[in-house]
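Here are some notes to read alongside the model. Have it open while you go through them.

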Amino acid sequence: MPGRGALCLGLLLHVLLGCGRAQQPEGCPDPCQCLEAAKTVKCVNRNLTAVPPDLPSYVRNLFITGNRLARLPAGAFPAQRLPDLSALNLSGNHLRAVEAGALAALPALRQLDLSGNPLVSLSPQAFGEGGSPLEELALRGALRDQGVLFSLAAMLQSGALRNLSRLELADNGLLLLPAGMFTALPALRQLDLSNNSLVGLRNVSFQGLGQLQSLNLSNNSLGVLRNGTLAQFRSLPALRHIGLGRNAWVCDCAIEDLVAWLKESDQVEGKESLTCAVPDKMLGKALLKINSSDLNCSVPVDLPSQLQTSYVFLGIVLALIGAIFLLVLYLNRKGIKKWMHNIRDACRDHMEGYHYRYEINADPRLTNLSSNSDV
């Protein structure tokens, strides 16, 4: 009987321990802090070299920042393991490569922050073949490598991020943007291009961004905005906030169209503070206070128009020279005809002399006769 009692006690303890384990919450990776009530996991400044594989499935907000991940390989987030993850912060991790399929197994992902990573490789297939429901993407200071910028452009143009509503590309030292980079983002509402080195927007198309509400172009190196760009701004019905502050505006004749647009538009924030950077005589002058007399524009400065005018003028001059030449020929037609006849006769006599010499040289008898006559 004592043996049977011990067996029953063991079974009871096993059941109780099993129930206790079943009621415990999911485990939390050792280097991380888990807040189940807030559905949040933080793995901050832990010198991690890879994404922890045993993240709890309840997580919706995941912060893996200030680590040393170096690369984000395919399958970095196990398939179906994080079905509710909607916000992922991977900023400041020394990431250099995001490989194809690295973010493909996150069906609920809406916000992604890759800021502050020195990326040198970004696969256009990072979100997999089917695209992503991502709505917000932050790449502040992560696009210093020109190749990564073109990879991002290819990703955006492929339609993989058609649901994107906010795109942050600030602090990247960008000089120019790839043509057509934003054409496949119909849901985009906020575009941040501030704190770069953009010198122009001629090859940038904003067509198709019917939902765009905010465009930040402050702290760049813009000297002027051309008519084509201004026309695009006018055509965007939802665009109400354009930031143009702290740019190097060149106040010559080319800025007239921009000044006229600023005076009539209510889209530009703080337009009263926009001032000239060059030339020296216009330094600090508010763009809204510029008049035509300040610019002293006597001729159009638009280069295509100048070239077109020059070509027209050149055509007129050439036509006039051709007409004068034909008129001279017509007035001297008799003299020219006589001159042509003289040239023809001279050529005929010359050719007859050559023909005579050829016949003499070809016939030995004529050659001897010519020799005897010389004697």
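**Notes on the fold**

1. Some ground rules. This is a predicted model, in which local features need pLDDT of at least 70, side-chain atom pairs count only at pLDDT 80 or more, and totals for chains, interfaces and linings use all residues. Residues are numbered from 1 along each chain as its sequence is written, and side-chain values use heavy atoms, with hydrogens and water left out. Helices (H or I, at least four residues) and strands (E, at least two) are DSSP runs, numbered from the N terminus.

2. Now the sheet: eleven strands form an open one, in the order β1-β2-β3-β5-β7-β9-β10-β11-β12-β13-β15, with mixed pairing (two strands pair if DSSP finds at least two bridges between them). At the edges stand β1 and β15 (268–269), each with a single partner strand, so one side of each has no neighbour in the sheet.

3. Follow the sheet in from β1. Strand β1 (residues 33–35) pairs with β2 (residues 40–44) in the antiparallel sense over three bridges, and the two make a hairpin with four residues between them. In that turn, Lys-39 has a positive phi of about 55°. Lys-42 in β2 stands opposite Gln-33, and its bridge partner in β3 is Phe-63. β2 and β3 (residues 61–65) run parallel, joined by five bridges.

4. Another parallel pair is β11 (residues 190–192) with β12 (residues 214–216), joined by three bridges. Here Asp-192 is opposite Asn-216.

5. Which residues touch the most other members of the largest nonpolar core? Of its 84 residues, they are Leu-72, Phe-77, Leu-167, Phe-182, Phe-233, Leu-244 and Leu-287. Such a core is a set of buried Ala, Val, Leu, Ile, Met, Phe, Trp, Tyr and Cys residues joined through side-chain atoms within 4.5 Å. β2, β3, α2 (146–157), α3 (227–235) and α4 (256–264) each supply at least two residues of this core, and α2 gives the largest share, six residues.

6. Last, Leu-72 touches residues including Val-51, Phe-77, Leu-90 and Leu-103, leaving out residues up to four places away in sequence (contact means heavy atoms within 4.5 Å).

Conventions:
Buried means under 20% relative accessible area, exposed over 50%, partly exposed in between (1.4 Å probe, protein chains only).
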